[in-house]
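Welcome! Let's walk through this structure together, one stop at a time.

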Amino acid sequence: MSETPGWTSSGEHAPASAPQELLLGRYRVLERRGTGGFGTVCTCWDTRLMRRVAIKRMPLAAETGTTAQEALAEARTACMLGHPNIVTVFDFEADGAYAYLVMEYVDGLNLAELLARVEGGRLTPEECAHVLSSVARALDFAHENRVLHLDIKPTNIMVDRQGTVKLADFGMATLASAAGYGGARGGTVGYMPPEQIEGGLVDERTDVFSLAVVVWQSLTGRNPFLARTPEESLRKIGHGPGRPARSMPTGVEEALLAELSPAPAGRDASVLAFADELAGGLGSAREGAESLRELVGQAEEDEGASRRGPGRTLRLPRWLASPGRIAPRALTALATFVALRLVTPAIGALAPEAAAVASLVAALASAALPQLGAPVVVAALVVALLGADPGGLAALGACALGVASCVWWATCGLRERMSSLALLLPCCLPSPAAGAALSGYALDPGPAAATTALGYVLGTTLHLSVSAGFSPDATAQALLSAAAEPDTWVVLAGAVGCAAASSAVALRGSVAAGVIGQALGLAILVGSEVFAARMENPGISPAIDWGSVVLAVLLSVLMCVATALRGPLYEDQEGEGSYDELSE
């Protein structure tokens, strides 16, 4: 096989030192946008027509019997779709081993790059409205011409400097399947509906499903069906996308759930009907277009940074733009600082000044990323206990606490921003059950119960260690004595029940449900305190820990106020909903 200029016969890139890298003897490579999906995309300069183009280079699998003529037929399909919201295909070439699709160069970013540059990986509802309406118009035009896309995903949705949205890679899904990417079945795992994954019949509703996944991801920052294998993705689709971490605009979640139905019969056959149904809830597409134009413009001001991928936030974070969103981060930072000031003096390697500075730095870091607060405090506590007596019983307990905290952080702490604060409250307040009300407010029942239980153990361990001066023997003896007391386990069970019950009731979504859930949780927690006191002093008036009871009441009242300020979880309930400030 003859070598294509700019590429070696083995398919590797030519050395970077090559004086001039040409594709097809005409297109000078300016930049590679990376390899992914089923091809490599390059930005090139057309030396004949003196313009920029984008070229996708795809291998043709000999074992599938794919010919250049078959690939050319797919390219002709893409070429006939002339629409303002569809990337134009200029030319197609094949050299026997590779196919080259020459396309319009879009001066901007794809949706995946944009999502990687905004906080939380989410678009505003208005921005999402513009993306949805543009892609829907492109798909409607294609469907009218009896063409399916079959590979709708963020990397195939481009946004240029003017905020114009263009859909790319029509016809490429079929080429991908023919090129031997059978695991993807012509599409991309995480965005394909069951009928496409299973190799069944596909129609317009297949594209509607994929577009609904993109909209869900753009609004929540999470693709609910992303998986390593098609089979795993299929199982996730059967379970549904789950509860979004933040409330969606009125009517949007219900409409999306219908379009994400595993059965094609549950979805709209018209992509425009789907877009129209969401239009009212998402807001002004015109405002969204202006916002996207500004985002792309900011990205292109630093061209080098705009090509390096995730990690660059281009707009002011929403929590900085609103004082109501600063409070949870400030409280997490404060709880982190207070807990560390209790623990770091016991770390022998740190001088007092260094311990204070380390506590302050960790607090500031947890304000920027709240999920960091809890693991930093746990790590400091483990180091303090291990340093006191590496081989003792307290050190063994510290290691067990560290392992449990790692499991919690991987399953709960990373996903919920309020989880660190809920875990740290028992470390800062004089009650190991202090995190129950907040867990019930901010987390789902399972994570709420797990966070409350671990917070109870962490708070008890930290306070007993401080009281014992981090003496290995005294700390171990205090922990064993606490574990031997039945009232410890009764109050722990009450705290876990409080968090789980309040969260479960609050999942009904209304403000009333949230308040009722907090009241029910408070009743469970106070009941456990009373029962524990009776167990400790049977036959006489119980010595109730009134300090813990009063604190529980105050925290529950605060969560009721926060529930009322937040509004319903699902904005189609109780009229107009408001954004969940604390969950941000």
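This is a predicted model: local features need pLDDT of at least 70, side-chain atom pairs count only at pLDDT 80 or more; totals for chains, interfaces and linings use all residues.

Glu-290 forms a salt bridge with Arg-293, and their closest N and O atoms are 2.6 Å apart. Both belong to helix H10 (residues 285-301), and because they are 3 residues apart there, about one helical turn separates them. Arg-293 is partly exposed too, with a relative accessible area of 34%.

Another of them joins Arg-205 to Asp-203, with 2.7 Å between the closest N and O atoms. Here Arg-205 is partly exposed at a relative accessible area of 24%, and Asp-203 is partly exposed at 23%.

Now turn to Lys-56 and Asp-169, whose salt bridge brings the closest N and O atoms to 2.5 Å. Lys-56 sits in strand S4 (residues 51-59), while Asp-169 is in the loop between strand S9 (165-167) and helix H4 (172-178), so this bridge ties together parts that lie 113 residues apart in sequence. Are these two partners buried or exposed? Lys-56 counts as buried, at 8% relative accessibility, and Asp-169 counts as buried at 7%.

Next, look for the nonpolar residues inside. The largest nonpolar core has 66 residues, and Ile-157, Phe-170, Leu-256 and Leu-278 are those with the most contacts inside it. Apart from this core lies another, of 37 residues, including Ile-347, Met-418, Ala-437 and Leu-555. To see some of the surroundings of Leu-278, set aside its neighbours within four places in sequence: Leu-278 is then in contact with Leu-132, Val-215, Val-252, Ala-255 and Leu-256.

Let's finish at the surface. There, Leu-331, Leu-334, Phe-337, Val-338, Leu-342, Leu-360, Leu-364 and Val-466 form a nonpolar patch with about 650 Å² of accessible area together. Helix H13 (323-343) and helix H14 (352-368) are the elements that each give two or more residues to the patch, and H13 supplies the largest share, 5 residues.

Phe-337, in helix H13, is partly exposed, with a relative accessible area of 30%. Ser-359 lies in helix H14 and is buried, with a relative accessible area of 0%. Its side chain reaches the backbone oxygen of Ala-355 at 2.9 Å. Beyond its neighbours within four places in sequence, Ser-359 is in contact with Phe-337, Leu-340, Arg-341 and Thr-344.

Definitions and conventions. Residues are numbered from 1 along each chain as its sequence is written. Side-chain values use heavy atoms; hydrogens and water are left out. Patches are made of residues with over 30% relative accessible area and no salt bridge: like charges are joined within 9 Å, nonpolar side chains (Val, Leu, Ile, Met, Phe, Trp, Tyr) within 5 Å. Accessible areas come from the Shrake-Rupley method with a 1.4 Å probe; for residues, only the protein chains shown count as cover. A salt bridge is a side-chain nitrogen of Lys or Arg within 4 Å of a carboxyl oxygen of Asp or Glu. Helices (H or I, at least four residues) and strands (E, at least two) are DSSP runs, numbered from the N terminus. Buried means under 20% relative accessible area, exposed over 50%, partly exposed in between (1.4 Å probe, protein chains only). A polar contact is a pair of N or O atoms within 3.5 Å; within protein, one must be able to donate a hydrogen and the other to accept it, and residues adjacent in sequence count only if both atoms are side-chain atoms. Contact means heavy atoms within 4.5 Å. A nonpolar core is a set of buried Ala, Val, Leu, Ile, Met, Phe, Trp, Tyr and Cys residues joined through side-chain atoms within 4.5 Å.
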